[in-house]
Amino acid sequence: MPSEVARVASPAADIAKHPPNLRTLFFAFAKMSLSGFGGVLVFARRAIVDEHRWMTAEEFNATFALCHFLPGPNIVNFSVVFGARLRGVPGALAAFAGLLGPPMLLITSLGAIYGHFGQADTWRRGLAGVSCVAVGLLASVVFRMISPLLKKSDLAGLVVVAGVFVAIGLARLPLQEVLLVAVPLSLAVTYAKTRRAR
């Protein structure tokens with residue numbers, strides 16, 4: 001009974017003991033990428049946090065935040081970091097191949113079809129509909145990623161998030177300049193909260 005309580009209390013602990021094998025990593029990331037027209041983040045979070053429970057919501061947010069500082073697309077960086085964390089270099093390669101391999105084949109095929117039939121009005125209307133769905137999915141995952149801050153009533157964290165959104169999304173300030181201010185500020189806020197908790 002105590003072991004069951006411990007397992008429920010720390011769902012991320014079992015991942016370190018029994019990480020998914022390379023095949024599972026490959027197919028999990030392939031499924032995410034093939035589901036994610038307009039962005040994979042929504043499906044990555046759902047699969048990793050909700051379905052497989054390979055990470056907690058807080059771990060996912062922290063790892064994805066780290067990937068923003070690496071060069072290249074964030075979700076690609078995430079696949080490499082996540083795979084390496086669980087299975088080392090082979091895990092990074094499996095997650096990376098799963099994320100990029102199947103969509104590359106699919107998009108190459110669709111590109112060839114679009115080259116022949118892309119001017120048809122039906123295609124244009126269909127692509128416009130897909131873009132609307134992608135925006136809705138992105139909005140839903142943003143809300144879900146903010147939910148740990150809301151549950152903890154982390155007012156300082158929410159203020160930083162709102163400030164970054166206003167600076168980049170509304171004021172259109174350059175990303176690099178906003179990060180130069182926001183990152184030290186968020187680190188200082190976290191450090192102050194940690195000291196106060198002691």
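1. Let's start with Asn61, which sits in helix 5 of this predicted model. Asn61 has a relative accessible area of 17%, and since buried means under 20%, this residue counts as buried. Leaving aside residues up to four places away in sequence, Asn61 touches Met145 and Pro148.

2. Staying with helix 5, have a look at how helix 4 lies against it. Helix 4 covers residues 41-51 and helix 5 covers residues 57-67; their axes are 10 Å apart and the packing angle is about 140°. The two helices are therefore oblique to each other, as angles over 145 degrees would be needed for roughly antiparallel. Their crossing is right-handed. On the helix 4 side the contact is made by Leu41, Ala44, Arg45, Ile48 and Val49, and on the helix 5 side by Ala57, Phe60 and Phe64. By class, seven of these residues are nonpolar, none is polar and one is charged.

3. From helix 3 come Phe29, Lys31, Met32 and Ser35, which meet Phe43, Ala44, Ala47, Ile48 and Glu51 of helix 4. The residues of this contact divide into six nonpolar, one polar and two charged.

4. Which residues does Ile48 touch, not counting residues up to four places away in sequence? The list is Phe29, Met32, Arg53, Trp54, Met55, Phe60, Phe78 and Phe82.

5. Now for the largest nonpolar core, which has 28 residues. Those with the most contacts inside this core are Phe29, Met32, Ile48, Phe60, Ile75, Phe78 and Phe82. Two or more residues each are given by helix 3 (22-35), helix 4, helix 5, helix 6 and helix 7 (121-151). Which helix gives the largest share of this core? Helix 6 does, with eight residues.

6. A last point concerns Leu86, which is placed in helix 6 (residues 74-117). Leu86 counts as buried because its relative accessibility is 14%. Trp54 is 32 residues away from Leu86 in sequence, yet the C-alpha to C-alpha distance between them is 9.3 Å. Trp54 is also one of the residues that Ile48 touches.

How values were computed:
Residues numbered from 1 in each chain as written. Predicted model: local features only at pLDDT ≥ 70, side-chain atom pairs only at ≥ 80, totals over all residues. Heavy atoms only, no water. Axes fitted to C-alpha atoms, helices over the stretch in contact; angles between N-to-C directions. Helix = DSSP H or I, 4+ residues; strand = E, 2+ residues; numbered from the N terminus. Parallel < 35°, antiparallel > 145°, perpendicular 65-115°, else oblique. Left-handed = near helix turned anticlockwise from the far one by under 90°. Contact = heavy atoms within 4.5 Å. Nonpolar A, V, L, I, M, F, W, Y, C, P; charged D, E, K, R; others polar. Buried < 20%, exposed > 50% of the residue type's maximum accessible area, 1.4 Å probe, protein only. Core = buried A, V, L, I, M, F, W, Y, C linked by side-chain atoms within 4.5 Å.
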